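Welcome! Let's take a friendly walk through a protein model, one part at a time. Have a look at the sequence and the structure first.

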Amino acid sequence: MKATTCPSAVKRHIRGRSAGRMRSVCNAAVELIKSRGAHSSAAARRLGADMCKELRTKVLRLLPPTPSGPTAHREGQTDGAEILSCTVKALKEGHVVAVPTDTIYGLACLAQNSEAIRKTYDIKGRNGQKPLAICVGEIQDIYKYCKVKVEKELLGDLLPGPVTLVFERSEILNTDFNPFTSLVGVRIPDHGFMRRLCQMCGEPLALTSANISSHTSTVEVHEFQELWPKLAVVVDGGPIGDQSRLGSTVVDLSVHGKYHIIRPGCALSSTVDVLERKYGLSEDSEK
């Protein structure tokens, strides 16, 4: 007579074997980590912590300005002061944020924070030999981080505006920021939020376009949505300006009496007109 096996007993037997296999796998993993020493164990703990950390992106919509004063709060939009406070906090904690400018959307972090600079390059997939610009809130701030060889009135004629001016960098600027060049591009966007953000941070922001490297520049936040999970804050200022996507005009003013256009950008003709007609600078043909 054949013995019969109770179905519940079979299930208990299978569960027991599965649990035993799982314990064996876990024990083997523990022994592997132990066998690799304390350094590997610490690395494993760090890896585990990194995997468990999730950066929760805050997408905050700016209220549109009105000539009659403050705008009433609308659902889905946030007060500008609250957004500034939240964005400054994220920057001070070493995060990367997305911000509107007067030309295109940008990624920003603190220029004096070396780890934040590295994160910015990683997020964009940017070539490490391509420089970032700095962004400041006031013209006098430029003199802290750049060796200026033009009249202050020239700066006032071009800034704030859609122009990046390139000068020799000063010693106070983070040595890990564009370490491959003695020059630095500086911006003061004609954008109230960005200027106030720089003022509140009290130090320059590193600024680059909010897109994967070599992809099209963005003028609305949804266009770089694939980057959101890597950012602490996304400030939605609505569609940007004229939608040209050209970015700022980049001009090298590091040689006294000369200028050199590095990138034509969206303000080429007006910039060259100011440089040549009003200040008598000539184009540097050697560059």
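## Helix 8 and what follows

Helices here are DSSP runs of H or I with at least four residues, strands are runs of E with at least two, and both are numbered from the N terminus. This is a predicted model, in which local features need pLDDT of at least 70 and side-chain atom pairs count only at pLDDT 80 or more, while totals for chains, interfaces and linings use all residues. Residues are numbered from 1 along each chain as its sequence is written, and side-chain values use heavy atoms, with hydrogens and water left out.

Helix 8 covers residues 268-278, and T271, V272, V274 and L275 are buried in it (buried means under 20% relative accessible area, exposed over 50%, and partly exposed in between, with a 1.4 Å probe and protein chains only). Seen down the axis, the buried residues of helix 8 fall within an arc of 155°, so they line one face of the helix; the arc is that of the directions from the helix axis to the C-beta atoms. S269 and R277, on the other side of helix 8, are exposed. What do the buried residues of helix 8 pack against? Their partners are helix 6 (152-158), strand 6 (163-169), strand 10 (249-252) and strand 11 (258-263), where contact means heavy atoms within 4.5 Å.

## The nonpolar cores

A nonpolar core is a set of buried Ala, Val, Leu, Ile, Met, Phe, Trp, Tyr and Cys residues joined through side-chain atoms within 4.5 Å. The largest one has 51 residues, and I142, L165, F167, F177, F224, L231 and L253 touch the most other members. Helix 4 (114-124) is among the elements that each supply at least two residues of this core, and the largest share, four residues, comes from helix 4.

Leaving aside residues up to four places away in sequence, F177 touches A111, I117, L132, A133, I134, R169, V184 and A206. Another core, of 23 residues, lies apart from the largest one, and C86, V97, L207 and V235 are among its members.

How many disulfides does a search of the whole structure find? The search finds zero, a disulfide being a pair of cysteine sulfur atoms within 2.5 Å. C198 is in no disulfide, and its nearest cysteine sulfur, that of C135, is 3.6 Å away. C198 counts as buried because its relative accessibility is 5%.

I83 belongs to helix 3 (residues 80-92). With 0% relative accessibility, I83 counts as buried. I83 and V233 are 150 residues apart in sequence, yet 9.1 Å apart in space, C-alpha to C-alpha.
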